[in-house]
Amino acid sequence: MEIILASQSPRRRELLARMGLEDFQVRPARGEEVMDDTLPPWQLVENLSRQKAEEVAAGVGDGALVIAADTVVAVDGHVLGKPVDEAGAAEMLALLSGRSHTVYTGVTVCLGGRQVTEHEATQVRFRPLTEAEIRQYIATGEPMDKAGAYGIQGYGALLVEGIEGDYFNVVGLPVCRLGRILAGLGVDVLAMAGERK
């Protein structure tokens, strides 16, 4: 079976490989994302992941398994995407400092003409940050391609006091939920792993 990840995120590639789906192609969606700011964050990420999956699935056969995801950070009802510049990253990090926020990831899987879209939500709590710490973190370059301007799997881990929910969701792919979606479509990743042993 052809497996396609509709994302160029190196973190999603790594997590998919960790699940045992090592033989997959990367084909990111090329279309312009249509972001509807009136939607609640969970619905927004579901819609964005669906757009990506449908675009890529339209270019391959029904026998291909297409996986797409989209992640945002939400605080006080505001959705934080990726910062456009260092000043934007500093604003986001100052907003997250010393408080909790929610990371939402929408996941869409297409296989054999069927489509499943779900989302995962994880609570993340930041410790209070000084202006100097925010500048130092931005200087690493890590915040610039991350929703909410931080990466929990990198230096951003130094900012996080705790999480409630799926850690991998914060990285960008809710592995447990994706595994359940795949199993529901007849792709049992655990069974496949056992067969390889």
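**Ground rules**

I looked at a predicted model, where local features need pLDDT of at least 70 and side-chain atom pairs count only at pLDDT 80 or more, while totals for chains, interfaces and linings use all residues. Residues are numbered from 1 along each chain as its sequence is written, and side-chain values use heavy atoms, with hydrogens and water left out.

**Entry 1: strand β3**

I began with β3, residues 65-75. Strands here are DSSP runs (E, at least two residues) and helices are DSSP runs too (H or I, at least four), numbered from the N terminus. Is β3 mostly covered or mostly open? It is mostly covered, with 11 of its 11 residues buried. Buried means under 20% relative accessible area, exposed means over 50%, and partly exposed lies in between (1.4 Å probe, protein chains only).

I then sorted the side chains by direction. In a regular strand the side chains alternate between the two faces of the sheet. Leu-65, Ile-67, Ala-69, Thr-71, Val-73 and Val-75 point one way from β3. Val-66, Ala-68, Asp-70, Val-72 and Ala-74 point the other way. All of these residues are buried.

**Entry 2: partners of β3**

Next I looked up which strands pair with β3. Two strands pair if DSSP finds at least two bridges between them. Strand β1 (residues 3-5) runs parallel to β3, joined by three bridges. There I found Leu-5 opposite Ile-67.

Strand β5 (residues 100-111) runs antiparallel to β3, with nine bridges between them. Ala-74 has Thr-102 as its bridge partner in β5. Ala-68 has Thr-108.

Strand β4 (residues 78-80) is also antiparallel to β3, over three bridges. Val-73 is bridged to Leu-80 in β4. β3 and β4 form a hairpin with two residues between them. In that turn, Asp-76 has a positive phi of about 55°.

β5 pairs with β6 in the antiparallel sense over 12 bridges. Gly-106 stands opposite His-119 in β6, and Tyr-104 stands opposite Ala-121. The hairpin of β5 and β6 has two residues between the strands, and Gly-112 takes a positive phi near 55° in it.

β6 pairs in turn with β7, antiparallel, over four bridges. Arg-125 stands opposite Gly-162 in β7.

**Entry 3: helices α3 and α4**

Two packed helices are described by the angle between their axes and the distance between the axes. At what angle do α3 and α4 pack? Helix α3 (residues 86-96) and helix α4 (residues 131-139) pack at about 130°, with their axes 10 Å apart. The axes are lines fitted to C-alpha atoms, for helices over the stretch in contact, and angles run from 0 to 180 degrees between N-to-C directions. The two helices are therefore oblique to each other. Angles under 35 degrees count as roughly parallel, over 145 as roughly antiparallel, 65 to 115 as roughly perpendicular, and the rest as oblique.

I also listed the contacts, meaning heavy atoms within 4.5 Å. Glu-86, Ala-89, Ala-90, Leu-93 and Ala-94 in α3 meet Ile-134, Tyr-137 and Ile-138 in α4.

**Entry 4: two loop residues**

Where does Leu-129 lie? I found it in the loop between β6 (114-126) and α4. Leu-129 has a relative accessible area of 14%, so it is buried. Not counting residues up to four places away in sequence, Leu-129 touches Leu-93, Ser-97, Ile-134 and Leu-159. I also checked Leu-48, 81 residues away along the chain: its C-alpha atom and that of Leu-129 are separated by 31 Å.

Most residues other than glycine have a negative phi, and most peptide bonds are trans. Ala-149 has a positive phi of about 70° although it is not a glycine. With 0% relative accessibility, Ala-149 counts as buried.
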